[in-house]
Amino acid sequence: MSISNAMQTGVSGLQANSTKVGRISDNIANANTDGYRRTFAQMVTSTSSSATGIAPLGVRAVEGADIAKEGSLRPTSSATDLGIGGSGFFVVSKNPNDPVLANYTLTRAGAFLPDKDGNLRNAAGLYLAGFPYDSTGSLGAVNRTGFGDLETVNVGSFTLPGEATAAMSIMGNLPAQETGLATPGAPFISTAEYFTPLGAAEQLQFSWQPSATANQWDLEISDLSGTTYGTVTVDFNDSGALAGTPLAYSNITNTAPAPANFAFDPATGVATLTINNGATPQVIDLTVGAPGSFDGMTQFAGDYSPPKFEADGFETGTLLRAEIDERGDVYGIFDNGNRQLLYNIPLAEVTNPNGLLAQDGNAYTLSRDSGTMQLNTASSGLTGKIVSQSLESSNVEVAQELTDLIQTQRAYSSNAKIITTVDEMLDETMRLKR
Amino acid sequence: MGITSAFVASQSGLRMTEKWAEVTSTNISNAHREGYVRRGLTLTSSEGGGVGVSGISREVNSALERMHRLEVGRLSREAAVVDGLEAYVAGLGQPGDPQGLTSRLTTFQSSFDLLANNPADPTLQRTVVEAAETLARSISDTSSALGEAGAAARRGIAQDVEDLNTLLDKVMTLNTRIAQGEDATTGRAMLEDELGTTLDSISGLMGIRVSRDAEGRVTLHTSGGTPLIEAGLVQRVTYDSANGRLFAGANEITPDAPGVRGFTEGRLAGELALQNEILPQMQVQLDELARALVVEFEASDASLAPGQAGLFTDAGAAYDPAQRDGLAARLAVNPAVRPAAGGALWRIRDGIGATVQGAAGDTTQINAFLSTLEAQHSFDTQAGLGDQITLAEFASNLISGQQFARVDAEQKLATLQAGVETIATARSGSEGVNVDDELQQLAAIEQAYAANSQVMRTLTEMIDTLLAAV
C-alpha cells in the first residue's frame, strides 16, 4: 500500500464522515417534527482487494432510515390528532378523493384538521384516506391491497340521509303478578321509535294487557294516530327450565286497514308490520321473542321493566362532530343525537417499512424494497392502534445524535490528521531530492 | 426510553396535574352548590409512556340517588296532605273548643233545656233560635272552609302539572344536548348535574323510574310503568279536574286509582289524594251532620205537613235525599222562627208548622225536640264516624276524625323526614364534595407538579452537559 493510497483512504473517511454529519444534522433539525423517521449513515468498507494482494481499504457511507422504530406519543388536545401505537401507516393522498393512485402515500404524521370542505388534512397538506361504511354499518368487500377503494375522510358538511327501519326487536319483563287477577289492571304501554324510508322518526305503541288468565297477556300494536295494527295473545311458561319465556302465541288478529297489515309467526315470535306510508308500504319485522327464548319479552314476578327497543335504520341528521376510536372507526355524532359509523381508517403495513422511500412532507412511498402493502384494520392482529388526541413525535433521540456527532467529529479530525500526516510525509519525500 | 420520551412523559405528567388542579378547584368552588356531584379524573397510562387523562367522571351513586328520590317523593306526598289540611283543620278546632261545632251543639241543646222550664219566655225562645242559627252558620262556614281547601288543592295540582310539564320539556332538551355532546367532559358533567337536579324536582312531584340508553339519554316512566319520556316523545301530563284524573298523553296515571299504572309518591299524589279522597270524605261527614239535623228536626216536629221544612232546612226547603251532597253549605234555620224574616219566635214552642199560637205553658213539642237531641240516630256508614250515636257524639267524632287525618299525615311526615335526612346525608357524603379531601388533593397536586418539573429540569441539565461536550 502506498502513501497516495493512504491519502485516498483518508479522503474516503472524510467523505463518509461528512455524509454521516449530514444525516445527523437532518435528524437534529427534525428532532421535533411529528412523524419524522431518523436517517443514518452506516460505514461500509470499500476495496478492490483480490486474492493476490490487499488493496487499499477505504470507507463509504451507506445511508439508511429507521422507519420501523416508533417515536413516543405525546398527548394533544385535538380529537383529530391521531397517533399510531405500534406498526402501520396512515394512507394519505395529495388531493381529496384523488383518482390518481400514484398520489397516495403513507405517513405517520397524524396532525389532521378539517379543511374548508371538512376533509381531514395533515400539516403537510395530505388528505387522510379511509374506507367508507355503508348505511348498514358494514364496509363490504374492499380491496385491501391497493388504494382504489379509499375515500378521503370527511367530517364536515355531512348530512345523513334517512334509512328505513326493517327490523326491530323488543326486550323487557312483564310482571307475572299482574295476570290472573279477577279485574286485571290497565295495560302497560311503551313506545318504540322507527324510521320511515324518508328518514323521519315515527313511533309505534305497544300495549300489554294482563289477562284474567294467569301468565297470559294481550299484546296490541298501534301507531300514535290510533290505528291498531293487530293483537296477539301471549302465554308464558310458568314452570320448568324455560319458566318466564313465551310459551305460545295465539289469537292473532289483523286489524290494520289495507294496505297496512299485521302478520305474526307463532313459531318464531316475529310480527311483520306493513305500514302504509308510501307507494310501497314499509315492512318491519318485529321480534317479540321465540317460544322458549329469553332474548325477547319475558314474564317473571317483579317490577315491570319498560322494554328496550332496538331498531335498525336511522333518522336524517346533520353531522355535529366526529369521534375516532382505536380501531380507526370514525363515528359521526348527528344533531339528533344518533351515532353512525362513517369511515374506517385502515393502517397500511408493508413487509419492510425501512425500505420505504421518503417523500416531501413526512410521507413515504412504496418501493421495490418495501415489499407488498396490506391495508389492515387498526388494533387487529399485529397492526398498531390509533390513538386520538395524540401525535407521534419523531423517533430521533437527541442525546444519541449528539454523541454520534462527537464521535463523527473525532473521526473526521482523525481522517484529516491522516491527510496532513501523509502530506507531511510526501513533503518529506519531496525534500529528498534537491 | 430515551431523553426525548422522558420529556414527553414528564410533559404529560404536567398536563395531567393541571387538569387535576382544574377538577379539584371546580370541586372546591362548587362544594356548597345544591345538586353538584363531585368530579373525578380518569387516568390511563398513555401509549408510549407518560400518563393520559381519559376523561372527567362524575362520582354519582345511582342507588342512593334512586333511594333518595323515592323517599323525597313519599315525603312530598305527606307534606302536600299536611299543607292542604292545615288551614281547614285549624279553623275546625278541637272537640270542646268554645267556638267549635260541638260547643255550638251543646249551647243549642242547653238553650232548649232552659226553654223547657219556661216555654212562654220570648227571650229564651230567641236564645234557642239564635243558638240554632249559630249552629247552622258554623256548619256552613266549616263547609265553605273545606271548599276553599279543595279549591287550593285544585290550584296546587294545576300549578304542579304545569311545573311538571316544564320539567319534562327540560329533560327532553337536556337529552338532546347530552346525546350530542362528548362523553366524560366538563360540559357533559354540567349537563348531568342539571339533569340530576331536574329529575330530583320531578320526583318531588311524582314517583318516577329513570333508565338511560347508550347515548346517555334518559327514559322516564311513572313508578307504575306508564311512559313519560320514551322514544323521543314527551307525554305531557294533563289534569281532568272534573273527574280528578291525571293523564300522561292518552294514558291515565291517577295516583292510587285501582288498575292504573300511575304512581303513589310525590306532591301530586298527595294533592290528588286530598282532592279525590280525603276532602270528599270530610265533606260527606259534614253533609251527614247537616242531614241528621234537618231530618231529625223534621221527624220530631208533629206540626209539619208532609214535605214541609223543619227547624233546619236545606236553604229553606225540606230534606231531599237526592240533594245531600253539599247540604252542609246550604244549611239554614227556617225563616218561620226568625222574626227578622217575618217569622214568629213562638213556633219554637208550638212546632214550625203551627199556624196559631198554642197554650203558653205547653212543653210537648220542646220536649220532643230535646229528646231528639238526646236520642241515638242512625248515620250513613259512608261517613265512617259510627252509627246509632247522638248528634253531639257525631259532631265530636267528626272533629276528632278530621283532626286525626292531619295528625296522622304529620306523624308520617316526621317519620319520613328522618329517613330522607339520613339518605340525603349518605348521598351528599357519597356524591358531594369533602373540602378536607380536596385540600389534601391540592397538596398532592403541588407535589406531583414539582416532581414532574424536577424531572424536566434534570433532563435539561443532561442535554446541557452533552451540548457542552460537543
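Start with the aromatic rings: across all chains of this predicted model, the structure holds 16 aromatic pairs. Now colour by secondary structure. A:Phe90 belongs to strand S5 (residues 90–93) of chain A, while A:Phe112 sits in the loop between strand S6 (104–107) and strand S7 (113–114) of chain A, so the pair ties together parts 22 residues apart in sequence.

Next, select A:Arg108 and A:Glu392. Their side chains meet in a salt bridge, at 2.8 Å from N to O. Where do A:Arg108 and A:Glu392 lie in the chain? A:Arg108 is in the loop between S6 and S7 of chain A, and A:Glu392 is in strand S31 (residues 390–392) of chain A, so that this pair links distant parts of the chain, 284 residues apart. Over all chains, the whole structure has 43 salt bridges. As a general point, side chains of opposite charge can pair when their charged atoms come close.

**Two backbone stops in chain A**

Move along to A:Pro259 and display the backbone. The peptide bond that runs from A:Ala258 to A:Pro259 is cis, with omega near 10°. A:Pro259 itself is in the loop between strand S17 (246–254) and strand S18 (261–265) of chain A.

Now step back into strand S17 of chain A, where you will find A:Asn251. Its phi is positive, about 50°, although A:Asn251 is not a glycine.

**Zoom out to the domains of chain A**

**On to chain B**

Chain B has its own division, with domain 1 at residues 1–59 and domain 2 at 66–420. Here the C-alpha centres of domain 1 of chain B and domain 2 of chain B lie 59 Å apart. Where these two domains meet, ten residues of domain 1 of chain B are in contact with eight residues of domain 2 of chain B. About 660 Å² is buried between them, and carbon and sulfur atoms give 45% of that area. Which residues of domain 1 of chain B lose the most area to domain 2 of chain B? Select B:Arg39, B:Ile56 and B:Arg58, which together make up 66% of what that side buries.

Between domain 1 of chain B and domain 2 of chain B the count is three salt bridges, and five residue pairs are in polar contact. On the domain 1 side, strand S2 (residues 51–58) of chain B gives the largest share, four residues. By class, that side of domain 1 of chain B has three nonpolar, three polar and four charged residues.

**Last stop: where the chains meet**

Finally, show both chains together. The contact involves 36 residues from chain B and 48 residues from chain A. The area buried between chain B and chain A is about 3200 Å², with 55% coming from carbon and sulfur atoms. How many salt bridges are there between chain B and chain A? The count is one salt bridge; select A:Glu178 and B:Arg261 to see their side chains meet at 2.8 Å, N to O. Also between chain B and chain A are twelve residue pairs in polar contact.

To trace the chain B side, highlight helix H1 (3–29), helix H4 (122–180), strand S3 (208–212), strand S5 (227–230) and helix H11 (435–469) of chain B, each of which supplies at least two residues touching chain A. The largest share, six residues, comes from H1(B). Colour this side of chain B by class and you will see eleven nonpolar, 16 polar and nine charged residues.

Methods
Residues are numbered from 1 along each chain as its sequence is written. Chains are lettered from A and ligands numbered from 1 in the order in which they are written. This is a predicted model: local features need pLDDT of at least 70, side-chain atom pairs count only at pLDDT 80 or more; totals for chains, interfaces and linings use all residues. Side-chain values use heavy atoms; hydrogens and water are left out. Domain bounds come from an automatic or database domain assignment. Contact means heavy atoms within 4.5 Å. Buried area is the accessible area (1.4 Å probe) that two parts lose on being put together, summed over both. A salt bridge is a side-chain nitrogen of Lys or Arg within 4 Å of a carboxyl oxygen of Asp or Glu. A polar contact is a pair of N or O atoms within 3.5 Å; within protein, one must be able to donate a hydrogen and the other to accept it, and residues adjacent in sequence count only if both atoms are side-chain atoms. Ala, Val, Leu, Ile, Met, Phe, Trp, Tyr, Cys and Pro count as nonpolar, Asp, Glu, Lys and Arg as charged, and the others, Gly among them, as polar. Rings of Phe, Tyr and Trp (its six-membered ring) pair if their centres lie within 6.5 Å; planes under 30 degrees apart count as stacked, over 60 as edge-to-face and the rest as tilted.
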